[in-house]
Amino acid sequence: MEIMQIAKPYFEGLANRELLLPWCHSCGRPHFYPRSACPHCWGEKYEWRAARGDAVVHSVTAVRANPPSAFKPLLPYCIAVVQLEEGVRMLTNIVSDQPSTKVGDRVRVEFAERGGEVLPLFRPVK
Ligand SMILES: [Zn+2]
């Protein structure tokens, strides 16, 4: 199955400002990114469930110069890998007034429209 077809429920969820994860029917675990088979057990049946949206920063870096042209208005910005409470990790941006996010900081999902697409971004929890 083509990746865009596999990930279609994920993008439909984002359009509704929901962060959906595929949960495997065989082993009962979620995974991310969406793919044709579960990376834990190779199961091919799963259901989509909304994540709570709470995460911890796993790794982070601040971009201060020379971004891709579409990202120029966002400078400086943080790119991070966050680990969701459900156990999966995802690459995202950290939305913050101060680019001082650290590994281990707690963050929560919020949704932003960029270029006509809704993206899941994360903001530090005070
Ligand atoms: Zn599985």
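**A buried glutamate, a helix face and a loop tyrosine**

Start with E86. It sits in the loop between β4 (77-84) and β5 (89-94). Keep in mind that this is a predicted model.

Is E86 buried or exposed? E86 is buried, and it has no salt bridge. The nearest side chain of opposite charge is R52, 5.5 Å away. What the side chain of E86 does reach is the backbone nitrogen of R52, at 2.8 Å. Leaving out residues up to four places away in sequence, E86 touches L21, W23, P30, A51 and R52.

Next, helix α2, residues 8-15. Which of its residues are buried? Y10, G13 and L14. Look down the axis of α2: the buried residues fall within an arc of 100°, so they line one face of the helix. The general rule: an α-helix has 3.6 residues a turn, so residues three or four places apart point the same way. And the packing partners? The buried residues of α2 pack against β1, β2, β5, β6 (106-114) and β7 (117-124). Just after α2 comes R17, with a positive phi of about 55°.

Last stop, Y33. It is in the loop between β1 (20-24) and β2 (46-50). Y33 has 48% relative accessibility, so it counts as partly exposed. Now take Y33 with L74. They are 41 residues apart in sequence. In space, C-alpha to C-alpha, Y33 and L74 are 25 Å apart.

That's my tour. Over to you.

Technical notes
Residues are numbered from 1 along each chain as its sequence is written. This is a predicted model: local features need pLDDT of at least 70, side-chain atom pairs count only at pLDDT 80 or more; totals for chains, interfaces and linings use all residues. Side-chain values use heavy atoms; hydrogens and water are left out. Helices (H or I, at least four residues) and strands (E, at least two) are DSSP runs, numbered from the N terminus. Buried means under 20% relative accessible area, exposed over 50%, partly exposed in between (1.4 Å probe, protein chains only). Lys and Arg count as positive and Asp and Glu as negative; His and the chain ends are not counted. A salt bridge is a side-chain nitrogen of Lys or Arg within 4 Å of a carboxyl oxygen of Asp or Glu. A polar contact is a pair of N or O atoms within 3.5 Å; within protein, one must be able to donate a hydrogen and the other to accept it, and residues adjacent in sequence count only if both atoms are side-chain atoms. Contact means heavy atoms within 4.5 Å. The arc is that of the directions from the helix axis to the C-beta atoms.
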